[in-house]
Amino acid sequence: MQATDRGLTAAFLTRFPEAVDYERARTHAENSLARLVQRAKDGGQLRDDFDPADVTLLLLANSGIVGDSHQVSLAASRRLVAYLLQSFRAGDTEPLPPPPPLALHHIHRPPPRR
């Protein structure tokens, strides 16, 4: 969905900022995600060093995909997400660097100016 409609959520939140209790919804989503991640780790499905910030990282990486056409963008998005989902699985893996301090609100924040 993110690959085919990048601007809908941002446009809605910009146009109707009071229509959604964004902070409450974000907090609920982040808490639910943290519980889901822990359940998947406890069940042996996720690598031990997986962090909820990795989901934000996946969403940010996927939002950066730009193709020559809708079909190219969609194919690239599917491939990227498949690679990342495979890398999240528990198993014989090398340790990763520490997770970045990312949360879901970083998805809607404009990039910093340099």
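The structure is a predicted model, in which local features need pLDDT of at least 70 and side-chain atom pairs count only at pLDDT 80 or more, while totals for chains, interfaces and linings use all residues. Residues are numbered from 1 along each chain as its sequence is written, and side-chain values use heavy atoms, with hydrogens and water left out.

The protein chain as a whole provides the setting. It contains four helices and zero strands, where helices (H or I, at least four residues) and strands (E, at least two) are DSSP runs numbered from the N terminus. Along the sequence, the pattern therefore reads α-α-α-α. The protein chain has 114 residues, and 17% of them count as buried.

R47 itself is placed in the loop between α2 and α3. Which residue does the side chain of R47 meet in a salt bridge? The partner is D49, at 2.5 Å from N to O; a salt bridge requires a side-chain nitrogen of Lys or Arg within 4 Å of a carboxyl oxygen of Asp or Glu. By this rule the count comes to one salt bridge. Side chains of opposite charge can pair when their charged atoms come close. The two partners may be set side by side: R47 is buried at 7%, whereas D49 is partly exposed, with a relative accessible area of 28%. The side chain of R47 also reaches the backbone oxygen of S87, at 3.2 Å.

The rings come next. The count of aromatic pairs is one, a pair being rings of Phe, Tyr or Trp (its six-membered ring) whose centres lie within 6.5 Å, with planes under 30 degrees apart called stacked, over 60 edge-to-face and the rest tilted. F50 and F88 form this edge-to-face pair, at 4.7 Å centre to centre and with 70° between the planes. F50 lies in the loop between α2 (22–42) and α3 (53–63), and F88 in helix α4 (residues 70–88), so the pair ties together parts that are 38 residues apart in sequence. F50 is buried, at 4% relative accessible area, and F88 is buried as well, at 13%.

A pocket is an open set of points on a 1 Å grid over the protein atoms alone where a 1.4 Å probe fits, with protein on both sides within 12 Å along at least five of seven lines; lining residues have an atom within 4 Å of a point. The largest share, four residues, comes from α3. About 240 Å³ of space lies in this pocket, counted as the space filled by probe spheres set on grid points joined across faces, edges and corners. The lining divides into 10 nonpolar, one polar and three charged residues, with Ala, Val, Leu, Ile, Met, Phe, Trp, Tyr, Cys and Pro taken as nonpolar, Asp, Glu, Lys and Arg as charged, and the others, Gly among them, as polar.

Two further leucines complete the tour. L33 is placed in helix α2 and is buried at 17% relative accessibility. Its C-alpha atom is separated by 8.9 Å from that of V55, 22 residues apart along the chain. L60, found in helix α3, is partly exposed, with a relative accessible area of 29%. L60 and L104 are 44 residues apart in sequence and 9.7 Å apart in space, C-alpha to C-alpha.

Notes: Buried means under 20% relative accessible area, exposed over 50%, partly exposed in between (1.4 Å probe, protein chains only). A polar contact is a pair of N or O atoms within 3.5 Å; within protein, one must be able to donate a hydrogen and the other to accept it, and residues adjacent in sequence count only if both atoms are side-chain atoms.
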